[in-house]
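Colleague: Before we discuss the assignments, please show me the sequence and the model.

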Amino acid sequence: MFERFTKDARAVVTGAVEKAWSGGARTVDAEHLLLALLDGEGSRASFVLAALGLAEPGAREPVRRAVREARRRAGLTRADTEALAGLGIDVSEIVARVEEAHGPGAMSGDLERRGRLQGRRPAFGRAAKEVLERSLRVALARHDRRIGDEHLLLALTVVPGVAGEVLADHGVTFESVTRVCPPAQAARPAGR
């Protein structure tokens, strides 16, 4: 599948691995793919993000902050947190107690303070794999021959989890991305 990735899509995947590694994460998560997409410049996805109001670094910082906050909650989405609250479980209280006992970010799954996994790069987690697989399906549905970083962005908007929730909170949905970056098929004349 990776042979179909464009240079920009490969840069996102490589950037996600580097973000996970530098943060001491055990796995590359969908959130790492999102953070790597935010760092991109001059690509189709960066154009889309700019068109949707996330052009300036200052506009992207709330997205990064929301991802960091979700990682502090062990990757729970707001919907997860609200569902647990309905059962009488206060996630913020649990996070506070765990961090009091084990230090800030203890629930994030990051190994920064405990050392790296003996020099090994983090493996791709379930959600990141699902984003990569979904990006292929999105590219095929759009009749694109290559998988670009815009396909990764579209996949992030539809795979359930923190990355999709954070993007939606900032106006980046499958529909808004498709509006800014329509399928290549739509640009082709009929009959070709």
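Modeller: Along the sequence, the protein runs α-β-α-α-α-α-α-β-α-α-α-α-α, which comes to 11 helices and 2 strands. The model is predicted: local features require pLDDT of at least 70 and side-chain atom pairs pLDDT 80 or more, while totals for chains, interfaces and linings use all residues. Residues are numbered from 1 along each chain as its sequence is written, and side-chain values use heavy atoms, without hydrogens and water.

Colleague: What makes a run a helix or a strand?

Modeller: Both are DSSP runs numbered from the N terminus: helices are H or I with at least four residues, strands are E with at least two.

Colleague: Why is glycine 148 called buried?

Modeller: Buried means under 20% relative accessible area, exposed over 50%, and partly exposed in between (1.4 Å probe, protein chains only). Glycine 148 has 2%, so it is buried. Glycine 148 lies in the loop between helix H7 (126-141) and helix H8 (149-158).

Colleague: Which residues does glycine 148 touch, leaving aside those up to four places away in sequence?

Modeller: Glycine 148 touches Thr6 and Ala9, where contact means heavy atoms within 4.5 Å. Arginine 44 is 104 residues from glycine 148 in sequence, yet their C-alpha atoms are 7.7 Å apart.

Colleague: What share of the 192 residues counts as buried?

Modeller: The buried share is 39%.
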